[in-house]
Amino acid sequence: MTAEPVGKANSIAPDQLAAKPSRSSGTAWHRLNVGLLTGTLIAGLVMGLRFVGVLQSAELQTFDWLMRLRPSEGRVDPRILVIEVTESDTNQYGYPLEDATLAELIQKLEKLQPRAIGLDMHRYQPRGQGRSALMTQFRQHQNLFSVCSFGLTDRNYRPAPEFSTQQLTQQMGFSDLIVDGLGSDVVRRQVLSYDPSLRPSSSPCITPYSLSFQLAFQFLAARGVQPIRVNADQNWQFGAVAFQKLPDRFGGYQSLTGHLSQILINYRTDLPAAQATLQQVLQGQVNRSLVENRIVLIGITAPVAKDVLNTPYGEMPGVWIHAHLVSQMLSAVLDRRPLIWSLPQWKALQWGDTLWVWAWASVGGILVWRCRSWLWLIAANGVAVLALTQLCLVILIQGGWMPLLPSLLALGLTSGSSQVLLTLDQRRKS
């Protein structure tokens with residue numbers, strides 16, 4: 001009998017070896033499948049929570065945080081001047097300012113040939129002496145605008161009763177600033193205009209245009225920008241730039257109204273305009289070059305006026321917010337400075353944001369596939385979070401509002417949940 005070579009009975013042909021997947025290969029594919037499947041489910045859950053508004057407040061605050069991280073733009077808008085009525089001015093000239101003081105201020109400014117003047121003060125009733133002189137300034141200068149409020153019932157926010165019907169629409173702009181009442185009360189949106197039929201019947205503020213819109217319109221029309229009209233999509237078109245009004249859902253917003261022609265404010269990182277004080281103008285200390293062919297905004301910044309609202313950059317006097325709004329329109333049309341945009345969507349379906357969030361959830365699943373230990377997974381997630389945040393910041397500098405918070409949630413929940421599931425599965429099998 002011939003002895004059988006040792007080990008021959010257990011030998012495996014090379015083709016048989018290739019046909020059987022190794023255990024490690026199967027485990028790797030299993031980890032990847034679990035990660036990707038979990039990521040898909042987590043992405044759907046996160047977007048569902050977003051759809052019903054659970055994430056809205058937190059997303060808006062994250063948006064504000066990213067706005068503050070943007071680098072300085074390095075310069076003010078050279079087309080705007082803000083005349084501040086400071087605390088020193090109110091101490092010297094009184095509060096509220098008399099009509100005679102405002103009439104003198106406007107007279108001195110008009111001599112320096114501004115393109116337009118916006119008086120961010122409500123002057124329904126006479127204040128001291130000089131009412132006739134102030135009304136004369138409005139009749140003589142069609143580039144002079146005042147404000148009223150369509151949302152406040154206090155009669156002091158009404159337009160001047162001396163104004164004609166033509167003046168009520170052509171020399172008035174509403175001063176109403178939309179505040180997100182979501183715990184932080186921040187001004188993030190600019191209203192350009194609204195449908196007059198939606199105006200409260202009791203409001204005598206009949207102008208359908210905001211102060212910032214009126215001033216920007218006056219400036220751009222004088223510059224020969226064409227067309228300036230409502231386009232076929234019912235958006236305001238200034239030259240080549242269309243100010244696309246916000247839909248019911250936009251970025252982190254999940255409950256907007258489509259009745260207003262409103263856009264998100266792309267605040268400048270610095271002051272949006274040059275500045276001077278009431279006293280400097282009245283004493284002739286302001287040069288013509290600071291006023292000529294500019295939009296001049298006049299407003300009270302003294303604390304006594306209590307005209308301060310929250311913005312992504314902290315508290316800001318109302319006149320400076322209006323300056324940001326005017327600057328946004330001028331810069332978008334003349335400088336191609338970006339307006340805030342978001343990923344594509346179809347009506348209320350934010351499919352672009354959904355794909356973005358799913359992609360980052362998938363990244364979480366891939367990290368679980370590659371990182372076998374919790375320590376490596378946490379480190380990898382830290383790197384991914386930094387990369388995601390930096391990417392969203394870079395895109396925001398270009399005007400894009402990416403869903404940072406939902407993406408962070410999807411990334412973290414996917415990697416954590418997948419690792420837990422795989423750990424439990426491994427223990428069960430062992």
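**Figure 1. Helices α3 and α13 pack at an angle of about 110 degrees.** Helix α3 covers residues 56-69 and helix α13 covers residues 404-429, and their axes lie 8 Å apart. Helices here are DSSP runs of H or I with at least four residues, strands are runs of E with at least two, and both are numbered from the N terminus. Axes are lines fitted to C-alpha atoms, for helices over the stretch in contact, and angles run from 0 to 180 degrees between N-to-C directions. The two helices, α3 and α13, are therefore roughly perpendicular to each other (under 35 degrees counts as roughly parallel, over 145 as roughly antiparallel, 65 to 115 as roughly perpendicular, and the rest as oblique). On the α3 side the contact is made by Ala58, Glu59, Thr62, Trp65 and Leu66, and on the α13 side by Leu404, Leu405 and Pro406. Contact means heavy atoms within 4.5 Å. The model is predicted: local features need pLDDT of at least 70, side-chain atom pairs count only at pLDDT 80 or more, and totals for chains, interfaces and linings use all residues. Residues are numbered from 1 along each chain as its sequence is written, and side-chain values use heavy atoms, with hydrogens and water left out.

**Figure 2. An open sheet of 6 strands has parallel pairing.** The strand order is β4-β3-β2-β12-β1-β11. Two strands pair if DSSP finds at least two bridges between them. β4 and β11 (274-277) are the edge strands, each pairing on one side only. Ignoring direction, neighbouring strands are turned by 25 degrees against each other on average. Strand β1 (residues 80-85) pairs with strand β12 (residues 295-300) over 6 bridges, in the parallel sense. Val82 has Leu297 as its bridge partner in β12. Helix α8 packs on this sheet and touches β2, β3, β4 and β12, with its direction at about 165 degrees to that of β3.

**Figure 3. Strand β3 is mostly covered.** Strand β2 (residues 116-119) runs parallel to β3 and is joined to β3 by 2 bridges. Leu144 of β3 is the bridge partner of Ile117. Strand β4 (residues 172-174) also runs parallel to β3, with 3 bridges between them. Phe174 of β4 is the bridge partner of Cys148.

**Figure 4. Arg123 sits in the loop between β2 and α6.** Is Arg123 buried or exposed? Arg123 has a relative accessible area of 6%, so this residue is buried. Apart from neighbours within four places in sequence, Arg123 is in contact with Leu97, Glu98, Asp99, Leu102, Arg131, Leu134 and Ala160. Leu45 is 78 residues from Arg123 in sequence and 52 Å away in space, C-alpha to C-alpha.

**Figure 5. An open sheet of 3 strands has antiparallel pairing.** The order is β7-β8-β9, with β7 (228-230) and β9 (241-243) as the edge strands. The twist from one strand to the next averages 25 degrees. β7 pairs with strand β8 (residues 236-238) over 3 bridges, and Arg229 stands opposite Gln237 in β8. Helix α8 (residues 211-222) lies across β7 and β8 at about 35 degrees to β8. Helix α10 (residues 318-334) lies across β8 and β9 at about 150 degrees to β9.

**Figure 6. Phe238 and Phe243 touch the most other members of the largest nonpolar core.** This core has 59 residues, and α10 gives the most, with 10 residues. A nonpolar core is a set of buried Ala, Val, Leu, Ile, Met, Phe, Trp, Tyr and Cys residues joined through side-chain atoms within 4.5 Å. Not counting residues up to four places away in sequence, Phe238 touches Phe213, Phe217, Leu220, Val225, Pro227, Ile228, Phe243, Met329 and Val333. A second, separate core of 40 residues includes Leu109, Leu119, Phe138 and Val191.

Key: Buried < 20%, exposed > 50% of the residue type's maximum accessible area, 1.4 Å probe, protein only.
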